[in-house]
Amino acid sequence: MRVGRTLTHHFEIETRQYDLLGIDLGEGARRRMIIFGAVIILLWIALLVPIIGVPQKPTVSLYVVPPFVITAFGWRAGKHHERRRRVTEWALAVRYALRAHRPIIGLGARAADKTEYLPWRERVATQKMAGLAKARVTPEWDREVVEELDPQVRAGADITVNQRARLLGADHVQRVSRRTTSGKRH
């Protein structure tokens, strides 16, 4: 199977909504973002109504601000993959922390055992986070002095790499295979 790579910037053509419930939206809001925001608002309200109750004057901001922030920041282009939305990257990060990537062995020839999965403690640096929570480990951005390496560990002399590429023809490969099969190994 061949895999194609796109090396040019893709076109992003989206429909826009210029008027919503009689309110002029100026240059227009992207319809997919409006739908995404509406879904987030509905889910958020469905989550909060059983816990807090019907929105009242003091709790209106709790009902409005989080879905707005999730929609505003989550609909931006992703940091690592320009064609993804940030909310997708967040969902993949949560999935990775909870479930990890399933290893593919032999291009799918067999399923991986549970022992071959990356353990949770390696996916999420729990000890580092616990140290930060207990304030025993100073975060890197707060450190003033660079920690010195152990004096017992020293760098060795520089090494040189002398590599040459060789192109071996079919005749040479046949000679080598005949030599190894006839027992004339050196």
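This is a predicted model: local features need pLDDT of at least 70, side-chain atom pairs count only at pLDDT 80 or more; totals for chains, interfaces and linings use all residues.
I took helices (H or I, at least four residues) and strands (E, at least two) as DSSP runs, numbered from the N terminus. A pocket here is an open set of points on a 1 Å grid over the protein atoms alone, where a 1.4 Å probe fits, with protein on both sides within 12 Å along at least five of seven lines; lining residues have an atom within 4 Å of a point.

I noted 17 lining residues, with G37, A38, I41, F68 and T71 nearest the centre. Two or more residues each come from β2 (23-30), α1 (31-51) and α2. By class I found 15 nonpolar, two polar and no charged residues; Ala, Val, Leu, Ile, Met, Phe, Trp, Tyr, Cys and Pro count as nonpolar, Asp, Glu, Lys and Arg as charged, and the others, Gly among them, as polar.

I then checked the UniProt record, an unreviewed entry, which places "transmembrane region" at residues 33-54 and 60-78. Such positions follow the numbering used here, feature names are shortened, and annotations may be inferred rather than shown by experiment. Residues 33-54 are 86% helix and 0% strand, with end C-alpha atoms 26 Å apart. Residues 60-78 are 79% helix and 0% strand, with end C-alpha atoms 30 Å apart.

Last, I recorded that α2 (residues 60-74) and α3 (residues 86-99) pack at about 105°, their axes 7 Å apart. Axes are lines fitted to C-alpha atoms over the stretch in contact, and angles run from 0 to 180 degrees between N-to-C directions.

Residues are numbered from 1 along each chain as its sequence is written. Local features need pLDDT of at least 70, side-chain atom pairs count only at pLDDT 80 or more, and totals for chains, interfaces and linings use all residues, while side-chain values use heavy atoms, without hydrogens and water.
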